[in-house]
Amino acid sequence: MSRLHGLLMLTTLIPWVSCLLTELCESLGQVPKVCTAHAGCMIGTHMKGYQTEKFEAFLGIPFALPPLGELRFSNPKTFPAWTGILNATAAKDDCIQKNYLLPEPIITGSEDCLYLNVYRPMQRSSEKLPVMVYIYGGGWFSGSPNALVTGPEYFMDSQEVILVTFGYRLGALGFLSTNDANMPGNFGLKDQLLALKWVQKNIADFGGNPNLVTLFGQSAGAISTHMHMLSKQSEGLFQAIIAMSGTANMPFTITDNPLEQARKTASLCNISNAYELSTTKLVKALRNVSVATLLNAGDGLKFWHVHHMVNYRPVIESSKWPEAFLTQHPKVILNKGKYKPVPVLLGSVPNEGGIAAVPIMENKALKNSFNKNFTSLMETFLEFPKHFTRSKLDETMSLIIDEYFQGQTQLNEKTNQGFTDLVSERGFHHPLYETIKAYVETVDTVKYPLYLYKFNYSGLHTYATIFNGANTSRNYGVVHCDDLIYLFRSPLLFPDIDKNSIDAEVIKTMVGNFVHFAKYRKPLNMANCEVCNIKTFNRQPETICDYQHFTSAEPGSFVVKTDNQFNIKRIKLWQHILDE
């Protein structure tokens, strides 16, 4: 069993440490206390900072009714104001999940999980602080707001912002849909929406400014963040976004046939006549299935091993359904510019595809299995548009094998980087380019500026070891999630970083950059960057707009410089493949 696997199991058994003498501490004025007009009074606790002594934490605050019973597969309902004093000194369970990123996926968490955490500095001026609301990633099937994984210490060291993290429903519980009002779907996104509404109503009482809220997220959290900017339901709930390694137009963001998926899931749960039941009866039957059965049923949707990892996804809803969140495909909304924009910071890392490539390349049995049926598995893996004909698919696979694998139809040491590049460019970099292009073509970038960064610093830790479940001798470079190491302390995943190390300097720089954007709607270190607009985006054939490049000038060093290079050749290849 890997260290990560064992630690994740422990989190289901060991609660977060809290003040054991709450009444005594409160009587001595040592416990933080907040009363809000819309929620109620609560006491929090103190947490130790990374570079500072301590800060205040209010943990496990309910923002929605527990999504149990008839509320399973329903839009979330606001948690009513309580009387008395809520004990907000201990975090709640993560939303129940089967984490396919683990070498041995297991079920952890609870269905009762719609709680949020508010962190604030000890010393606050009379002026309300900027608020940063974080949406965790994990493919909409995993993830945690818990401080063991999404630790607030680095942001609290700045003493300049209030940070909010929260849980939202995952997997089938968060995204299953019958494609009608009986089970409309997007429940995880609607949970996020309700948390944002809670922030608007209550954060001022914590010393936060509800008119200076930055929504940010990574991976599926970044896609979710981007979708909130595209949804009319979320208008006015935040004033800027940061999307790290994810945009709403990525190939795995929408379920094309949700009813078919819901019926197959029901069948895998051993529900009789799953394909004949009315959607009303289908939803009722699914509400009565044990949660473990429901999560394990997701295994039956995989075409190979744990892929596709992201099976339960957002759906396009009818505007006639109550509280519809997403009523058009994100690509349509982006290309038409029919949404209310806010200032945007988009980020990426070079080897995003490591999240899929590393586990396969590091496992001999998986690599051999993939190689036995390389072309057809790769074809399914890449999720080409449904309208592609057989001849179009054959032509496309021929192009890809020549470009990324030097004509070889197997994964090996020589094609390892090509596989990583393929997943990076198909899944992340091409959608990022198309997002930037649509933004500068449709949005007033003077009023709503767009900023970019690339994180390419290799430090002491890397998520490549997490994806593999063990140490690896290969250097996969900077992979998906590696920028998170310098934004959130994660004691469950990595040992603490030496406070006097270069990695600690990277933490200070990255967090400082995000905090500056949250305060002023502009990152730091932008003096040498030209503004991003349609002119600068198209100025040279092989470049995009200027971006901040966080990188190593040489081993053991760290610099922030201005860059504009992008692999436009590969972008054009994907535009050709996808007929864009």
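**Aromatic rings and their surroundings**

Tutor: One aromatic cluster is formed by Tyr134, Phe155, Phe216, Tyr453, Phe455, Tyr457, Tyr486, Phe488, Phe514, Phe550 and Phe558. The model is predicted, so local features need pLDDT of at least 70 and side-chain atom pairs count only at pLDDT 80 or more, while totals for chains, interfaces and linings use all residues. Residues are numbered from 1 along each chain as its sequence is written, and side-chain values use heavy atoms, with hydrogens and water left out.

Start with the count. The whole structure holds 37 aromatic pairs. Rings of Phe, Tyr and Trp (its six-membered ring) pair if their centres lie within 6.5 Å; planes under 30 degrees apart are stacked, over 60 edge-to-face, and the rest tilted. Take tryptophan 198 and phenylalanine 206: their ring centres are 6.0 Å apart and their planes stand at 50°, so this pair is tilted. Tryptophan 198 and phenylalanine 206 are both buried (under 20% relative accessible area; exposed is over 50%, partly exposed in between, with a 1.4 Å probe and protein chains only).

Now go back to the cluster. Phenylalanine 455 and tyrosine 457 are among its members. Their centres are 6.5 Å apart and their planes at 75°, so the pair is edge-to-face. Phenylalanine 455 and tyrosine 457 are both buried.

Some rings carry a charge over the face. The test is NZ of Lys or CZ of Arg within 6 Å of the ring centre and within 35 degrees of the ring normal. Lysine 302 places its charged end over the ring of tyrosine 100, 3.9 Å from the centre. Lysine 92 lies over the face of tyrosine 115, at 5.4 Å from the ring centre.

Next, the helices. These are DSSP runs (H or I, at least four residues; strands are E, at least two), numbered from the N terminus. The axes of H5 (residues 187-202) and H6 (residues 220-230) come within 11 Å and cross at roughly 70°. Axes are lines fitted to C-alpha atoms, for helices over the stretch in contact, with angles from 0 to 180 degrees between N-to-C directions. H5 and H6 are therefore roughly perpendicular (65 to 115 degrees; under 35 is roughly parallel, over 145 roughly antiparallel, the rest oblique). Leu189, Gln192, Leu193 and Leu196 of H5 meet Ser224, Met227 and His228 of H6, where contact means heavy atoms within 4.5 Å. H6 is mostly covered, with 11 of its 11 residues buried.
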